[in-house]
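Please look over the sequence and the model below. A short briefing follows, grouped by topic.

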Amino acid sequence: MREYAAQGRLYYSKTGIPSYIRYLDEMPGVALQDIWSDIPPIGPGAAERLGYPTQKPLALLERIVQASSNEGDVVLDPFCGCGTTIDAAQKLGRRWIGIDITHLAINLIRHRLLDTYGEAIKETYAVIGEPTSVPDARVLAQQDPYQFQWWALGLVGARPAEGKKGADKGIDGRLYFHDDPNTRKTKQIVFSVKAGKTSVAHVRDLCHVVDREKAQIGVLISMHPNTKPMRAEAADAGFYESPWGKHPKIQLLTVTELLDGKRVDMPPAPGVNVTFKKAPKNAGAGDDQLPLTEE
């Protein structure tokens, strides 16, 4: 007791009873069990929620990746969904491989990585298995028109329209933007994607959809070349005027043009494009990691 007192390791209660002082850094703690209740689920209004129905908390995947791998190891997620495991692996200095069957998921992961880590992240990974040429795109269009649709929307950064297959009311995707700093009113571009043959009737249908939805611009993306009557019908729709100039109200884009780098004529994307809910930026690898033991 005298030794403990000399070390300053005794605490006396009001009644004079001494207690031994122990510090947390001297205690190993208790290893986490297989029931983790300290990581809450992602709430509806959480900053990290991206709208993917099975999305898991980033803190959960960070703990799993950190506990089961070292920096430089390869992390494989064969059902990567919206990319939470990929995000955790990237943040913690792991190499990673993500696999998903849908181009919808790949598109979402691209946006997530871009929003979190900036433009430089594009140079650090490659997407394998998606069309990179017109023949590839033609095969996808023939095999699965819906996958073709999601892939084509990914080329222009558009979000697939919500709803069941076949019930899209002429809208396959949307882009949202703000171009008026005074009102901050959200404006939209609606997309129609056609894997098969197209005609002037499809352009007229898109014109009706733009009017019905009160959209500013409508875009028809097609696998096949546009005809002269289709181009004439689109030109008759006129223009949408923004602070950056005039933009054709109805635009026709083919897969060939998109693969060659042509994009939607719209107000410049940086600062005005609000299509996808943005993932939080990375604040630094490992800065806010949860411990592997409970103290």
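**The open sheet**

Five strands form an open sheet in the order β6-β7-β8-β9-β12, and their pairing is mixed. β6 and β12 (250-254) are the edge strands; each has a single partner, so one side of each lacks a neighbour in the sheet. This is a predicted model.

- Strand β8 covers residues 187-194 and strand β9 covers residues 217-222.
- β8 and β9 run parallel, joined by six bridges.
- In general, the strands of a sheet pair through backbone hydrogen bonds, in either a parallel or an antiparallel manner.
- Helix α7, residues 200-213, lies across β7, β8, β9 and β12. The helix runs at about 150° to β9.

- A161 sits in the loop that links β6 (159-160) to β7 (173-177).
- Is A161 buried, partly exposed or exposed? Its relative accessibility is 24%, so A161 counts as partly exposed. The cut-off for buried is under 20%.
- A161 and D172 are eleven residues apart in sequence. In space, their C-alpha atoms are 5.2 Å apart.
- Beyond its neighbours within four places in sequence, A161 contacts I171, D172 and G173.

**Helix α4**

- Helix α4 spans residues 103-117, which is 15 residues.
- From first C-alpha to last, α4 reaches 21 Å, close to the 21 Å expected at 1.5 Å a residue.
- The helix is mostly covered, with twelve of its 15 residues buried. Among them are A105, I106, L108, I109 and L113. The buried set also includes N107, H111, R112, D115, T116 and Y117.
- G118 follows α4 and has a positive phi, near 85°.

**H103**

- H103 belongs to helix α4.
- Its relative accessible area is 14%, so H103 is buried.
- Which residues does H103 contact, leaving aside neighbours within four places in sequence? They are E130, P131, L140, Q147, W150 and W151.

**Cysteines**

- How many disulfides does the structure hold? The count is zero.
- For C82, the closest cysteine sulfur is that of C80, at 8.9 Å. That is too far for a bond, because a disulfide needs the two sulfur atoms within 2.5 Å.
- C82 is buried, at 3% relative accessibility.
- C207 is buried too, with a relative accessible area of 16%.

**The protein overall**

- The protein has nine helices and 13 strands.
- Of its 295 residues, 39% are buried.
- Take the contacts between residues at least 6 apart in sequence: 59% of them join residues at least 24 apart.
- The accessible surface comes to about 17500 Å². Carbon and sulfur atoms account for 55% of that surface.

Note on methods. Residues numbered from 1 in each chain as written. Predicted model: local features only at pLDDT ≥ 70, side-chain atom pairs only at ≥ 80, totals over all residues. Heavy atoms only, no water. Helix = DSSP H or I, 4+ residues; strand = E, 2+ residues; numbered from the N terminus. Buried < 20%, exposed > 50% of the residue type's maximum accessible area, 1.4 Å probe, protein only. Contact = heavy atoms within 4.5 Å. Expected span 1.5 Å × (residues − 1). Areas by Shrake-Rupley, 256 points an atom, 1.4 Å probe, with all protein chains shown as cover. Pairing = 2+ DSSP bridges. Axes fitted to C-alpha atoms, helices over the stretch in contact; angles between N-to-C directions.
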